[in-house]
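Hi there,

Here is the structure we talked about, with some notes to go with it. Please have a look when you get a moment.

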There are 2 protein chains.
Amino acid sequence: MSIEFKDVEAAAGRIADGIARTPCVHSIPLSDLTGMQIYCKLEYLQRTGSFKERGARNALLQLSPEQKSRGVIAASAGNHALGLSYHGQLLRIPVTVVMPKFAPLTKVVNCRKFGATVILDGGNIGEAKTKADEIGSKRGLAYINGFDDLAIIAGQGTIGLEIASQAPDLDAVIVPIGGAGLVAGVALAVKKMRPNAQIIGVEPDRAASFMAAMVAGKPVDFDMKPTIADGLAVPKVGRNGFEIASKLVDRVLLLREHDIAVSVLRLLEMEKALVEGGGAITLAACLAGTVPELKDKKVVLLLTGGNIDISTLGRILERGLTYDGRLCRLNVTISDRPGGLARFASVVAEEGGSIIEINHDRAFASDDITTVVVHCVIETRDAEHIASLRKKLASEGFTETE
Amino acid sequence: MSIEFKDVEAAAGRIADGIARTPCVHSIPLSDLTGMQIYCKLEYLQRTGSFKERGARNALLQLSPEQKSRGVIAASAGNHALGLSYHGQLLRIPVTVVMPKFAPLTKVVNCRKFGATVILDGGNIGEAKTKADEIGSKRGLAYINGFDDLAIIAGQGTIGLEIASQAPDLDAVIVPIGGAGLVAGVALAVKKMRPNAQIIGVEPDRAASFMAAMVAGKPVDFDMKPTIADGLAVPKVGRNGFEIASKLVDRVLLLREHDIAVSVLRLLEMEKALVEGGGAITLAACLAGTVPELKDKKVVLLLTGGNIDISTLGRILERGLTYDGRLCRLNVTISDRPGGLARFASVVAEEGGSIIEINHDRAFASDDITTVVVHCVIETRDAEHIASLRKKLASEGFTETE
């Protein structure tokens, strides 16, 4: 069993009154930055902050009356859980979500706000899934897989329909790949409506499960590492999604963490958009030089969601700023006598650096007790600025340690 | 001399090909939060991140050929400088901006990128203005005031035209007030097209220069204090803007810093939008309970700009989280013997708090050298959670100090 274009069209009609038709805006800043004509599909503007609502609503609406009254269950630590909870509430279908114990507090709180029963169980999403299966079969709840249920794939495909009409002469769409449901649905829609448009799938190199499936010819387990694009961290892509997407996707690209971090920063600073790593990765493809053939072309980035914890955001931005050379950490030996710090701080200030954090490390410093190592974080302009600051410090007799 | 509705219409035609017609999107999350039907006008999507481009382009296009070739000058540390620089470059009109010496590095860098001559002079914007006047008259450059030039007011008014067509049955528009140019232009447009719509002006209570002018019956100097809404920090509103706006604005509201900080946080988390304090203040009006009569009404928030330094953003978000009870600082005396910290950390963990920063303070602690004060920052759920954590710590024998 699979789905076709007409299923995506049917999904669009079915979910229309409960889903936002999000804008697809031309971004002048990002176009200037990349040399492409960049259009951003703002899926983070959905009520729960991600595109996952589309599939969730489509799946819920196709349940039998009996299933609707019994309810549904899913294991998810993230956007699928939110989408399902919210539309379950709107449609008066009971929703149970099983989340791993480490799930972010805000997502637990929000699912409960939307009326879902939240069960915290298991140390990872796999264990939560086992628990969800167990509860589901015991209580007769329909399990809704967040990326491989055919109704989910058709629902996500509705983004493709919108893009095709909002940016009619598009040359390419860049789509994030987690479990491959989104890319499958979008490819079905776009390839039918705009056969000449390229579909470029992107995933983190630390969670390259679609690439692994392409190599193996079928979904296989990928040995994942944690990634900033946590929404895409699915160890094995879905069978249905893979079958559809593998035939339609033109290219698959793997992106590195620092490119994703920089993209989160660029989207925030230039597009004023909070986009999670799993969405910002689409911009990363443009910035990392992996799609030079798209220069001057009309490229749509699917900005799939914006659910980042504020504390996580802080850490990602720090990485982005460091990579930009706008933040640097220096460990410098200074005199531990009166005026020692003042002299160091003056040199940094004269060079245009701004010290935003400084700690003295006496216990583990050198044998010379007239000196002390300071660990400091300095705001700078760029890598060149850091180099000139270092040179100046060296010329003034300050030595750096590891 | 003043301007009328037809001048705003003329401006719209004049600037159309160089300005983004930004979306005006219905926000389900913010509607749920406020109990109003909230529409957000996304002016931060302009190329330089703010609405200021509209007026700047309109003013530049109306210069005489001779003035165009000589160029223009303005004093601004912010969005007006960016808008003028960018459109000066597009229209090949030389732009000089005088910024105070403390101006944020990114804004200096960006104005230079757009080809402007940037002069850093003066310790505040008033001193920069004096310098700009001096240079302008010496070199024959036209001075373009960022809020009181009539062409600027007409240009900003084009936002009102767009809103009236994008949200035709609107009940109210909430407009930030700095120098009163934006509110004057928007009011001219909206009151003509939708006479029943209310215009609500908002400003920080620490920079309440419009309110001061309303009280005095004319623009007067307001004794300002620094505000998160730094773009609105104009000590004396413009004469033209005040004359137009004072007749058309239905209400003026003053908002406090913490309400503005919380609004920046809410817009980021719920709308996924980076909005500077001067724009977020429009949401603050809804959240602070100052407009109860707008319940269930269709309310447009002008999200005027998104230019916040990443480091400033961090500080604003911390305040917002603290106000929400999602971040707390505790200074607690613990045992300075092996296991002392472990015991404290366990109690916090058991209560569901997450310690994100901890520092030992030995030198300035009590006389008892077997104990030490730790200063820690803890992530919590809300104010209630903090109270129960404190209670638990007290019951376990930990004492808090100032």
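Below are a few notes on salt bridges and on one helix pair.

This is a predicted model, in which local features need pLDDT of at least 70, side-chain atom pairs count only at pLDDT 80 or more, and totals for chains, interfaces and linings use all residues. Residues are numbered from 1 along each chain as its sequence is written, chains are lettered from A and ligands numbered from 1 in written order, and side-chain values use heavy atoms, without hydrogens and water.

Over all chains there are 44 salt bridges (a Lys or Arg side-chain nitrogen within 4 Å of a carboxyl oxygen of Asp or Glu). One of them joins B:Glu162 to B:Arg54, N to O at 2.9 Å. B:Arg54 is buried at 0% relative accessible area, and B:Glu162 is buried at 10% (buried is under 20%, exposed over 50%, partly exposed in between, with a 1.4 Å probe and protein chains only).

B:Lys298 pairs with B:Asp169 at 2.4 Å between the closest N and O atoms. B:Lys298 is buried too, at 15%.

B:Asp336 and B:Arg362 also form a salt bridge, at 2.9 Å. Here B:Asp336 is partly exposed at 27%, and B:Arg362 is partly exposed at 49%.

Lastly, the axes of helix 5 and helix 6 of chain B come within 8 Å and cross at roughly 15° (axes are lines fitted to C-alpha atoms over the stretch in contact, with angles from 0 to 180 degrees between N-to-C directions).

Best wishes

Terms used. Helices (H or I, at least four residues) and strands (E, at least two) are DSSP runs, numbered from the N terminus.
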